[in-house]
Amino acid sequence: MIEFQNATKVYESVDKSVTAVNNINFHVEPGEICVFLGPSGCGKTTLLRMVNRLIPITRGSIEVEGKNINSMDIIKLRRSIGYVIQHNGLFPNMTIEDNINVVPKMLGWDQNRMKKRCSELMEMMGLDPGQFQKRYPFELSGGQQQRIGIARALAADPPVMLMDEPFGALDPIIRDHLQNEFLRIQKEMKKTILFVSHDIDEAIKLGDKVAIFDTGELMQIGTPDEILSNPKNDFVRDFVGDDRALKRLTLLKVRDLMVLSDGFRKHRLNNEWHGQVISVNENLKTALSHLLSAPNGEVCVVDDHNKKLGVLCVSDFNLFTEVHPKDISIVR
Amino acid sequence: MSGKKTEQIVKAGLYLIIISILGWAYFTGAFQFIIENPKDLLYLTGQHLKLVGISAALAIATAVPLGILITRPKFKRLDWVVLNFANIGQTVPSLAILALVMSYFGLGWQTAIFALWFNSLLPILRNTVAGIENVNPQIIDAGNGMGMTSKQVFFKLELPNALYAIMAGIRTSVVINVGTGALAFLIGGGGLGDLIFTGISLYDTGIMLSGAVPVILLAILLDFLLEKLEKIIVPRGLQRTLEAA
């Protein structure tokens, strides 16, 4: 649990003062990913760095796990929070193993425990410990380095993680791949995560909550669906883009649409199906894309066991637009 | 690619110069002089090494800590003062320093060591400061964010990552000092300058080169040894990074 109360950061210089973060109030539940979203200079990174006191707070308070951060020892606080930055920040003079063990070593873990934890984390990140742990960061690709960056932040099993555009410097394919793995790992780990991003698609994909900032102010906070379907003001509307209805489709799966429509045109399945087939777990944006490219505007929906469930066509999407987002349970 | 080619050409040129000097030394009878007076030569080389060794050790012991000190946040405002002072110091010719210092310390090897020490300060100081200031700020940020104390940030991140530059400064100043050390003879500091200046006074190129050739070989040898040392103490992860870049 992380709670911001009137959190404010003012930079004072001789002739003027700049408010980088202004009176922020919200909280993040345990096990949630909250994505800070906004253009550069909006204060999102400043707010993130205030949590582990890399930037001291000017007014207000931030509580982590029920404790005011200013009442804690700064070194202890930072060691209890995982920290991942863009370009990974791996230490080039240390091996992968030493990099991962930085925080456990400072906490005084014994050798065996560190070794075990290191292998465990590397396996979780899909990197063979035997092959990689004695290597140096420069010997790894950008994607591999970023995985190690995340493993390093997870090393001492902190309940809270701060991630500053961790996937920002990766190419789109690797980024997508790492995002999926990150979500898979988070499902087991249930960390409370603050995640800075400037990419709306990333925020929708990863966030349980999305907080949108502009010029140091919190514009809107809510689930991705709330943000996309009910932008609170012009700034949020502009920022999420004119295709927000399409983006919203990525939040829902064919399964959700099926619930609304009581299944699709089962009778059509009596004949043999020669057209395209999609999984019931596919998101609706991909489904729509399939439909638009299907010769007769229809695709067959199948479940995990390849059993045909029904036939989907574009008109089914009408059901979805009429429904208020709150009424749809998001299947993740 | 072209950088590597240039490097090869320059290297080949240098070897050519060294070989021609050795050839010159051979024909002027320098080697014969060396063979006939092995004890003199060993004694003078020993003196020369002592001058260079002590002055380099003192210079490292002053310039590295000073460089570290002025990169600490507390003293950062002072770094331009120190660097400018060192820069101006470097513009004073070695011979002038010898003459100036002589009036305080008198004749002898202490004076020579002081002058050599003074001469070595700038390259080491410069490289120490540049090395530490050029450590990627991202890794310092990561270190701080992970809860390293400022001591840990320095010893685990800043210093190891600056070692390559610091070692380069030490190598430069040692090689320069081997050459400058020849001047020590002028104030009674001994060293291989003895043979060089004797040769000049006697118009005997052979004797002059019997001092100069060992100076050249000494400089090359010390640089080679320091390069090996560098390979040992600079973290492996950094050496390869620089090779790849």
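Residues 2-240 of chain A are 39% helix and 27% strand, with end C-alpha atoms 25 Å apart. Helices here are DSSP runs of H or I of at least four residues, and strands are runs of E of at least two, numbered from the N terminus. UniProt, in an unreviewed entry, gives this span the feature "domain: ABC transporter". UniProt positions follow the numbering used here, feature names are shortened, and annotations may be inferred rather than shown by experiment.

This is a predicted model, in which local features need pLDDT of at least 70 and side-chain atom pairs count only at pLDDT 80 or more, while totals for chains, interfaces and linings use all residues. Residues are numbered from 1 along each chain as its sequence is written, chains are lettered from A and ligands numbered from 1 in the order in which they are written, and side-chain values use heavy atoms, leaving out hydrogens and water.

Chain A as a whole has 15 helices and 13 strands. Its C-alpha trace spans about 70 × 55 × 30 Å along the principal axes. The chain is divided into domain 1 (2-249) and domain 2 (254-327), with bounds that come from an automatic or database domain assignment. The centres of these two domains of chain A, taken over C-alpha atoms, are 36 Å apart. Of the 332 residues in chain A, 53% are buried; buried means under 20% relative accessible area, exposed over 50%, and partly exposed in between, with a 1.4 Å probe and protein chains only. Among contacts in chain A with a separation of 6 or more, 66% join residues 24 or more positions apart, a contact being heavy atoms within 4.5 Å.

The largest nonpolar core has 92 residues, and those touching the most other members are Phe4(A), Phe26(A), Phe36(A), Leu47(A), Ile62(A), Phe91(A) and Leu194(A). Such a core is a set of buried Ala, Val, Leu, Ile, Met, Phe, Trp, Tyr and Cys residues joined through side-chain atoms within 4.5 Å. Leaving aside residues up to four places away in sequence, Leu47(A) touches Phe4(A), Ala7(A), Val21(A), Ile24(A), Phe26(A), Phe36(A) and Phe213(A). Another core lies apart from it and has 43 residues, including Leu37(A), Met125(A), Leu154(A) and Ala203(A).

Next comes the interface. Chain A puts 25 residues into the contact and chain B 22 residues. The area buried between the two chains is about 2000 Å², with 64% from carbon and sulfur atoms; buried area is the accessible area (1.4 Å probe) that two parts lose on being put together, summed over both. Phe91(A), Asn93(A) and Phe138(A) supply 28% of what chain A buries against chain B, more than any other three residues. Phe91(A) was also listed above for the largest core. The interface holds 1 salt bridge, that is, a side-chain nitrogen of Lys or Arg within 4 Å of a carboxyl oxygen of Asp or Glu. Arg49(A) and Asp141(B) form a salt bridge, with their closest N and O atoms 2.8 Å apart.

In chain B, the unreviewed UniProt annotation "domain: ABC transmembrane type-1" covers residues 45-226. That span is 81% helix and 0% strand, and its end C-alpha atoms lie 18 Å apart. UniProt also places "transmembrane region" features in chain B, among them 81-101 and 107-125. Residues 81-101 of chain B are 90% helix and 0% strand, with end C-alpha atoms 23 Å apart. For residues 107-125 of chain B the values are 89% helix, 0% strand and 28 Å.
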